[in-house]
Amino acid sequence: MDAEAIRRETERVRADWAGRGRHWDRRADEIADQAARMNAPLIEAAEVAAGQRVCDIATGAGEPALSVARLVGAEGRVFATDLCPEMMLGARRRAAAQGLRNLTFRTADMLALPDTDAAFDRVICRFGLMFCPAPAQAAAEALRVLKPGGRVAYLVWGPRAETTMFVVFAAAAEAVLGPLDKAGAIDLARPFSLGASGALTRALTAGGFSQVEEREVRFAPRVPAEAPFWQAQFDMTFGRALDGAGEARRRPLMEAVAAGFERLREGDEIPLSAHVRIGTGTKPKSA
């Protein structure tokens with residue numbers, strides 16, 4: 001992909017997420033437990049510790065930046081970064097409400113971070129790299145802003161077929177709305193673009209990292225069948241596409257999703273699965 005194609009795709013992604021921002025903000029508190037489960041293996045893999053300077057890329061509604069800010073403490077600093085300022089409006093409010101004074105928010109492209117070379121001890125990114133049109137270039141930019149010996153950690157979705165929530169969403173959307181490749185505001189392909197084994201390894205290696213490792217993390221929760229466990233993610237996934245559509249369009253899609261989960265019911269519970277992948281790398285000390 002040449003520079004102009006990357007620019008056009010970046011602007012498309014920016015516009016898409018600008019329309020999603022209010023839905024993520026409204027629902028972020030409801031998925032706090034899920035966010036914490038995803039944060040834990042990423043933070044562990046990054047080896048985040050007290051006193052570090054950390055750049056969090058694709059901060060969105062606030063995680064893992066808020067959690068990392070508490071972890072690094074008063075002697076550390078977190079720079080929460082997102083391509084889309086609308087996505088961080090809720091994160092700013094949450095940081096203020098939690099009294100986090102070691103957190104700085106800024107709007108920036110992960111391909112062109114506004115930082116000097118060797119500015120950070122750690123760079124982390126949860127569910128962001130797969131939306132970048134040039135993942136290897138993003139990794140190279142992370143390498144640039146890391147101190148020698150610094151560490152990067154990316155978390156992305158594994159294959160869509162291995163995360164129940166999105167399997168059900170995709171089937172329902174296709175049944176109600178038709179082929180997803182024609183439903184412009186619904187993208188259930190790009191989030192999984194780095195899900196294949198080895199994709200993260202290739203991006204980090206091409207970006208110049210050493211000691212590159214990639215691993216899978218799987219979750220298998222069983223949730224109460226009557227709980228509204230999928231509704232927050234529904235709004236975050238479909239909200240922009242349904243804005244202004246009215247109940248006549250929204251209701252059939254919600255009913256199709258509910259029916260899809262009901263088919264999975266085992267007694268009073270619904271078994272779910274989720275597959276994420278974590279890629280880590282270290283900046284060579286000679287770099």
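## The nonpolar core

Of the 90 residues in the largest nonpolar core, L103, F169 and F261 touch the most other members. A nonpolar core is a set of buried Ala, Val, Leu, Ile, Met, Phe, Trp, Tyr and Cys residues joined through side-chain atoms within 4.5 Å. Buried means under 20% relative accessible area, exposed over 50%, and partly exposed in between, with a 1.4 Å probe and protein chains only. In soluble globular proteins, nonpolar side chains tend to be buried together.

L103 is in contact (heavy atoms within 4.5 Å) with A65, L66, A69, R77, V78, A80 and A95, leaving aside its neighbours within four places in sequence.

## Basis of the model

This is a predicted model, in which local features need pLDDT of at least 70 and side-chain atom pairs count only at pLDDT 80 or more, while totals for chains, interfaces and linings use all residues. Residues are numbered from 1 along each chain as its sequence is written, and side-chain values use heavy atoms, with hydrogens and water left out.

## The sheet

An open sheet of mixed pairing is formed by seven strands, in the order β3-β2-β1-β4-β5-β9-β6. Helices (H or I, at least four residues) and strands (E, at least two) are DSSP runs, numbered from the N terminus; two strands pair if DSSP finds at least two bridges between them. The edges are held by β3 (103-107) and β6 (210-219), each with a single partner strand, so one side of each has no neighbour in the sheet. From one strand to the next, the twist averages 15 degrees.

## Strand pairs and helices

Strands β2 (residues 77-82) and β3 run parallel and are joined by five bridges. A80 has F105 in β3 as its bridge partner. Together with helix α4 (residues 89-97), β2 and β3 make a right-handed β-α-β unit. A crossover is right-handed if, with the strands pointing away from the viewer, the path from the first strand over the helix to the second runs clockwise.

Six bridges link β4 (residues 120-126) and β5 (residues 146-157) in the parallel sense, and I124 stands opposite A153 in β5. Helix α5 (residues 135-145) lies across β4 and β5, running at about 145 degrees to β5. Axes are lines fitted to C-alpha atoms, for helices over the stretch in contact, and angles run from 0 to 180 degrees between N-to-C directions.

## Cysteines

A disulfide is a covalent bond between the sulfur atoms of two cysteines. With a disulfide taken as a pair of cysteine sulfur atoms within 2.5 Å, the count comes to zero. C55 is in no disulfide, as the nearest cysteine sulfur, that of C125, is 9.0 Å away; C55 is buried, with a relative accessible area of 0%.
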